[in-house]
Amino acid sequence: MEQPARTVPGAQAISRATSLLRLVTQSGSEGAALLDLARASGLTRSTVHRLLSALRAEGLVDRDEASARWMPGPELFLMGTVAAARYDITALARDIVRSLAVKTEESAFLSVRRADETVCLVREEGSFPIRSFVLSEGVRFPLGVASAGLAILAFLPDHDVDAYLERHPDLDQEWGAAHGIRPLRSRLAETKERGYAVNPGLIVEGSWGLGAAVFDRSGRPEWALSLTGVGFRFGPERLPDLGRTLLAHAHQLSARIAGARR
């Protein structure tokens with residue numbers, strides 16, 4: 001007789017607390033209001049307040065007494081400093097991201113894959129005066145939505161792509177019809193054939209993005225470089241040159257990561 005699946009005691013509380021931590025860190029330096037955190041998490045205000053109070057007691061979040069907004073706490077900084085030694089590649093990547101911004105004159109970014117999302121780690125402004133502000137440090141998107149996540153998803157093994165789409169069948173409900181399964185699979189195929197992803201203003205109208213995957217030593221796409229800018233800067237006469245420049249920088253960073261971790 002098959003035994004019933006066991007649940008780990010406290011797993012739900014940990015999952016909820018972790019989700020709140022992510023929401024607080026996404027709020028940036030301005031912090032997040034309790035009501036906004038409750039709405040975004042789908043939890044009641046009393047549950048959110050209880051969990052945040054417990055996290056605050058451990059130093060993982062803090063509360064500004066003047067504004068009553070919740071912000072990342074000092075323990076997160078200390079933990080992040082330790083974890084950076086293993087996971088952070090910003091020191092290896094920063095000059096490459098800066099070079100990409102200089103050569104294209106567009107805003108350039110480094111993003112990392114975290115489970116089913118990408119998180120922006122580095123932003124470098126280009127010299128062109130009109131900019132897109134869809135992406136900045138700490139901003140998260142589901143894989144397949146922004147150009148960085150589209151590039152990463154396209155170069156994952158097919159079974160990983162299938163599993164991701166099974167876990168997230170409703171992307172189009174939040175991000176629009178262009179993110180339905182069929183059009184998303186079409187963009188993934190185009191990305192794989194082209195070598196880099198193109199987001200033609202699907203998140204914010206008029207704001208285009210290009211993304212190229214960056215690979216670890218085993219050949220898995222764990223990061224991405226990307227460019228964003230206003231649509232007329234990404235026309236058909238300029239797009240191929242931008243794509244080649246982006247790919248060259250992504251290949252350079254992949255090689256640097258492989259060499260640094262031998």
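The face of helix α9 that is turned away from its buried side carries R182 and E193, both of them exposed. This description rests on a predicted model, and it begins with the helix before moving on to the strands.

Helix α9 spans residues 181–194, and with its 14 residues it reaches 20 Å from the first C-alpha to the last, close to the 20 Å expected at 1.5 Å a residue. L184, R187, L188 and T191 are the residues named as buried in α9; because they cover an arc of only 105° around the axis, they lie on the same side of the helix. An α-helix has 3.6 residues a turn, so residues three or four places apart point the same way. Which elements do the buried residues of α9 pack against? They pack against the helices listed in the table and also against strand β6.

| Packing partner of α9 | Residues |
|---|---|
| α6 | 147–154 |
| α7 | 158–167 |
| α8 | 171–175 |

After α9 comes G195, whose phi is positive, near 105°.

Strand β6 also belongs to an open sheet of 6 strands, arranged in the order β5-β4-β3-β8-β7-β6 with antiparallel pairing. Because β5 (140–142) and β6 (197–200) stand at the edges and each has a single partner strand, one side of each is left without a neighbour in the sheet. Neighbouring strands of this sheet are turned by 30° against each other on average, direction ignored. For β6, 4 bridges make the join to the antiparallel strand β7, residues 207–215, and P200 stands opposite W208 in β7.

Key. Residues numbered from 1 in each chain as written. Predicted model: local features only at pLDDT ≥ 70, side-chain atom pairs only at ≥ 80, totals over all residues. Heavy atoms only, no water. Pairing = 2+ DSSP bridges. Helix = DSSP H or I, 4+ residues; strand = E, 2+ residues; numbered from the N terminus. Axes fitted to C-alpha atoms, helices over the stretch in contact; angles between N-to-C directions. Expected span 1.5 Å × (residues − 1). Buried < 20%, exposed > 50% of the residue type's maximum accessible area, 1.4 Å probe, protein only. Arc of directions from axis to C-beta. Contact = heavy atoms within 4.5 Å.
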